[in-house]
Amino acid sequence: MITCFLRYEIDPDKVKEFEEYGRMWIRLVKKLGGTHHGYLLPSEGASDIALASFSFPSLAAYEQYRIAMADDAECKAAWDYGQQTKCIRRWERNFFRPVFE
């Protein structure tokens with residue numbers, strides 16, 4: 001299993017738009033074979049940081065997701081929504097593997 005962890009710097013005046021963006025991607029990751037673990041939006045403290053994570057059974061499965069995502073009209077529309085609303089200032093992506101008991 002591989003988990004993609006995303007840290008976003010968002011526009012604090014556009015949390016509602018970012019939440020809509022996140023809801024789009026939760027469904028799309030599931031549609032393309034992943035397990036989305038949800039988004040964490042600002043509540044108290046820093047109001048410009050949001051987090052998300054999703055998993056795939058393997059790095060190869062994640063790579064297939066990336067290929068499928070590039071040709072998917074709904075994925076393109078979700079990406080365009082984020083660009084048009086400018087709700088995201090920057091983001092970083094890291095990959096992790098779980099360790100279980």
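Select residues 2-10 and 49-56: these are strands β1 and β3, which pair in the antiparallel sense over 8 bridges. Strands here are DSSP runs of E with at least two residues, helices are runs of H or I with at least four, and both are numbered from the N terminus. Two strands pair if DSSP finds at least two bridges between them.

Before moving on, note that this is a predicted model, in which local features need pLDDT of at least 70, side-chain atom pairs count only at pLDDT 80 or more, and totals for chains, interfaces and linings use all residues. Residues are numbered from 1 along each chain as its sequence is written, and side-chain values use heavy atoms, leaving out hydrogens and water.

**Stop 1: the sheet**

**Stop 2: Thr 3**

Select Thr 3 in strand β1. Is Thr 3 buried or exposed? Thr 3 counts as buried, because its relative accessibility is 17%; buried means under 20% relative accessible area, exposed over 50%, and partly exposed in between, with a 1.4 Å probe and protein chains only. Its side chain joins that of Ser 55 in a polar contact of 2.6 Å. Such a contact is a pair of N or O atoms within 3.5 Å; within protein, one must be able to donate a hydrogen and the other to accept it, and residues adjacent in sequence count only if both atoms are side-chain atoms. Not counting residues up to four places away in sequence, Thr 3 touches several residues, including His 37, Phe 54 and Asn 94; contact means heavy atoms within 4.5 Å.

**Stop 3: a helix across the sheet**

**Stop 4: Asp 72**

Go to the loop between α2 (59-71) and α3 (73-85), where you will find Asp 72. Asp 72 is buried, with a relative accessible area of 11%. Show its side chain, which reaches the backbone nitrogen of Cys 75 at 2.9 Å. Leaving aside residues up to four places away in sequence, Asp 72 touches Leu 28, Lys 31 and Leu 32.

**Stop 5: two exposed loop residues**

Which loop holds Glu 44? Glu 44 is in the loop between β2 and β3, and it is exposed, with a relative accessible area of 74%. Try the distance tool: the C-alpha atoms of Glu 44 and Ser 55 are separated by 27 Å, with the two residues 11 residues apart along the chain.

Then select Lys 86, in the loop between α3 and β4. Lys 86 is exposed at 58% relative accessibility. Although Lys 86 is not a glycine, it has a positive phi of about 55 degrees. Most residues other than glycine have a negative phi.
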